[in-house]
Amino acid sequence: MSTSAPSRRRAQRDLSTAPLLVAARGGRPSRVPVWFMRQAGRSLPEYRALREGVPMLQSCFDPEMLAEITLQPVRRHGVDAAILYSDIVVPPYAAGVGIEIVPGTGPVIAEPVRDAAAVAALPELAPEQVAPVAEGVRLLVERLGDTPLIGFAGAPFTLASYLIEGGPSRHFEHTKALMRSEPELWHTLADRLATMALTFLKVQLEAGADAVQLFDSWAGALSLREYREFVLPHSAKVLRGLAEYDVPRIHFGVGTGELLTAMREAGADVVGVDWRIPLDEAVRRLTADGSPAPAVQGNLDPALLGASWPVIEAEVRRIVAEGRAAAGHIFNLGHGVPPGTDPAVLTRVAELVHSLEP
């Protein structure tokens, strides 16, 4: 990471010893840091009470609500980072794309983007369109004390898949068809979405975020060859476009065991690993070409949060032990917290992780 930062960036807290940031930079933290994807909300009763009657996207643009939801799991679980409460589709929604998050379904696009005219009509994101998010970040910087804040954005492929499919998809038929049949149009779309994600993350960083995570949730639907040709250049535009900020860049996808080396090449300082492969195996793959050991994040299977405590404890201990193969390890789940998870289990997992030797 570079040593320079843009002049517009908000003055930062001194978090040089924060375990998450130390681990992300390949140092030895005072304890194994832990946070949970989808920790802000879903399983928390205080989240459900606050959000009652408030649509998801509306809550993402209310600075006070955004800040409070982001803070709730930090207070409850004692985790080592707050992840900005947001959604993958916030940037296109803010730019003016017709999107609704339907409970039980997810983002639904009013007019799917499947031809050149639709791509040409896709609006750009202006920083002022996400000003409420920036204000929420500023509130969080004031209230988080010595806990780092991780900025949030969806990667170009995952954003494109929602826009092309019109909503969540299992097989991404429309996306893959457009990608392979009209590669020039695909690259135009992905480039525009990369610019959108980069703008969104820069707004968060300039308001005070301490790290970022780029979520490419559905990249695991692609082969390595497809990823390198159609996705890597655009994710790299986002991650490398943040190099001047000198903050850790985490990159995560689901089912991406075969893509890990390419995801690191995109500019990741920390490679997120889902639950399908052990962390020491992920490190082996990432160093097979002679590259230095990376920092990794992961990777407890979220489904196991409903298992008995002895099962969970054994898995946590195994994952922490395997994570020692990396230059740094940030404990997390291998995907998001299931909505029905008992919050007390997450608190107990965080306490156990903190009790183990880094």
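Leaving aside its neighbours within four places in sequence, which residues is serine 59 in contact with? In this model, which is predicted, they are Arg51, Val54, Met65, Leu66 and Tyr85.

Serine 59 belongs to helix α3, which covers residues 56–59. Its relative accessibility is 0%, and the cut-off for buried is under 20%, so serine 59 counts as buried. The side chain of serine 59 also reaches back to methionine 56, where the backbone oxygen lies at 2.5 Å.

Next, a pair of helices. Two packed helices are described by the angle between their axes and by the distance between those axes. For helix α8, residues 156–165, and helix α9, residues 173–181, the angle is about 110° and the axes are 8 Å apart. That makes α8 roughly perpendicular to α9. By class, three nonpolar, three polar and two charged residues form the contact of α8 with α9. On the α8 side these are Phe157, Ser161, Ile164 and Glu165, and they meet Glu173, His174, Thr175 and Met179 of α9.

Last, the sheet. Seven strands make an open sheet with parallel pairing, in the order β1-β4-β5-β6-β7-β8-β9. Which strands stand at the edges? They are β1, residues 82–83, and β9, residues 328–333. Each has a single partner strand, so one side of each is left without a neighbour in the sheet. For β9, there is a parallel pairing with β8, residues 295–300, over six bridges. As for individual bridge partners, glycine 298 has phenylalanine 331 in β9.

Terms used:
Residues numbered from 1 in each chain as written. Predicted model: local features only at pLDDT ≥ 70, side-chain atom pairs only at ≥ 80, totals over all residues. Heavy atoms only, no water. Helix = DSSP H or I, 4+ residues; strand = E, 2+ residues; numbered from the N terminus. Buried < 20%, exposed > 50% of the residue type's maximum accessible area, 1.4 Å probe, protein only. Polar contact = N/O pair within 3.5 Å; in protein donor to acceptor, adjacent residues only side chain to side chain. Contact = heavy atoms within 4.5 Å. Axes fitted to C-alpha atoms, helices over the stretch in contact; angles between N-to-C directions. Parallel < 35°, antiparallel > 145°, perpendicular 65-115°, else oblique. Nonpolar A, V, L, I, M, F, W, Y, C, P; charged D, E, K, R; others polar. Pairing = 2+ DSSP bridges.
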